Amino acid sequence: MNDNPGWASPGHAPSDGQDQEPGVPRPSEPADDTAPSGTWAATQPPAGQWSPPGPTETGPAAPPSQGWGSPSPSQGPRWGGPAQGPGRGSGWGTPPPAAAKPGVIPLRPLGIGEILDGAVTTMRAHWRTVLGVTLAVSVVAQTCVLFIQRYLLPEPPVLDADATGAEATRQVTESLRYSLLDGAPPLLITMLATIFTTAVLTVVVSRSVLGRPVTLSDAWAEARPRLLPLLGLTLLMAVLAAAIMTVGILPGFLLGDTAGVGLAFLGLLAALVVFVWLMVRFSLAAPALMLERQSIIASLKRSAKLVRNAWWRTCGVLALTWVLTFFVAMVVGVPFGVLAVALDGGSLGSFLTEGAADVGWSFLIVSALGDVVVATVTYPLSAGVMALLYVDQRIRREALDLDLARAAGLPGFDDRS
């Protein structure tokens, strides 16, 4: 066990071979026939170290100490604390013992709210590092997009509403070509910016789980060797998505007539279902690649095994995160968009009908500033949720909480052979 993000090496984890069976000791646990089977690990810290607040039988409660707390030997058992002996925690109304929390999350299976809260807490606890990387990357990315839109893109084609036949087909083809040229550079730059920020912020989250400080230079040093594999993983997923969509709609386009349009629509729906299923199944590949130092193919396999039997839950967390980021983007981006149109001397109605063909520098600059603000907020949220969702699945399937507790140096979790 080490202190770098490699704490997540899978070793002989159940998901590398088979699912965890109920009642079977979790990894790094000795078999204990007296411990009740369930979600709590059989290996617990000394009972005296669990210190929920409250009076004691022999005197007032001791002030909380750093970590899990250690009451003095003279104090008796605490009210509400776990009972001694094999049957602890089994009484009526006895709550489960509180989990240790060395960093931004408690070391136990997480709820959806705790995953989101952990991502936000990471942004607040390491705001200098998070703000430094996201602001720098988004400024560079939006500057590149701004100059590409202003100087490198061709003029939009002039469309004739009365065109028919071959002329109408030609205009549609030119319009599609221009749309691809107009959208491809920003999409590529955004993808590269996302890769960079995801790599660095995943390292930040891995340190924040252990409660350790991290600087931008430390995070960059850990993330830099994994940038090329992460780029390869992202490109592979993009190619896979394009192939799925092509297979879905190509037969309908080849058929051509009205039946072909219907077949293309049905194929598109089927392709979207397959695309969503695969994206959720492989959603944890990036954290596995970063934190376990896995190869691209091994990361995809790890993600598939971690998501197995938890697809709907994973999909729900990702969907909620997407809704939140979309809401933030709208709240921040719409005022900047309206301000950009107003400063450019036009009206919002004319902009929506005529497009951004003849916009000026004021429109481009204000829009870029809005995009920078949106990216600075949404990049850390998305990266944090993905990393913490990965940690949560490994806690549920592989008892990663025990390894994290030892890595954080918590009492009662000393290294064992």
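The model is predicted; local features need pLDDT of at least 70, side-chain atom pairs count only at pLDDT 80 or more, and totals for chains, interfaces and linings use all residues. Residues are numbered from 1 along each chain as its sequence is written, and side-chain values use heavy atoms, with hydrogens and water left out.

**Confidence.** The chain has a mean pLDDT (the predictor's confidence in each residue, from 0 to 100) of 75, and 67% of its residues reach 70 or more. For residues 17–96 the pLDDT stays under 50, and the model has 97 contacts beyond four places in sequence for them.

**Helix pairs.** Helices are DSSP runs (H or I, at least four residues), numbered from the N terminus. Axes are lines fitted to C-alpha atoms over the stretch in contact, with angles from 0 to 180 degrees between N-to-C directions.

| Helix pair | Axes come within | Crossing angle |
|---|---|---|
| α5 (residues 227–255) and α6 (residues 258–281) | 6 Å | roughly 165° |
| α2 (residues 127–152) and α11 (residues 361–398) | 9 Å | roughly 150° |

Helices α5 and α6 are therefore roughly antiparallel (angles over 145 degrees) to each other. Their crossing is right-handed, a term for a near helix turned clockwise from the far one by less than a right angle. The contact includes Leu240, Ile244 and Gly248 of α5 and Leu263, Gly267 and Phe275 of α6. By class, 19 of the contact residues are nonpolar, four polar and none charged; Ala, Val, Leu, Ile, Met, Phe, Trp, Tyr, Cys and Pro count as nonpolar, Asp, Glu, Lys and Arg as charged, and the others, Gly among them, as polar.

Helix α2 is likewise roughly antiparallel to α11, and the two cross in a right-handed sense. Among the residues that meet are Leu135, Gln142 and Arg150 in α2 and Ile365, Asp371 and Tyr379 in α11. The contact of α2 with α11 has 15 nonpolar, five polar and two charged residues.

**Aromatic pairs.** The structure holds three aromatic pairs (ring centres within 6.5 Å, using the six-membered ring of Trp). One of them, Phe196 with Trp220, is tilted, with 5.2 Å centre to centre and 35° between the planes; planes under 30 degrees apart count as stacked, over 60 as edge-to-face and the rest as tilted. Phe196 lies in helix α3 (residues 165–209) and Trp220 in helix α4 (residues 216–223), so the pair ties together parts 24 residues apart in sequence.

Technical notes:
Parallel < 35°, antiparallel > 145°, perpendicular 65-115°, else oblique. Contact = heavy atoms within 4.5 Å.
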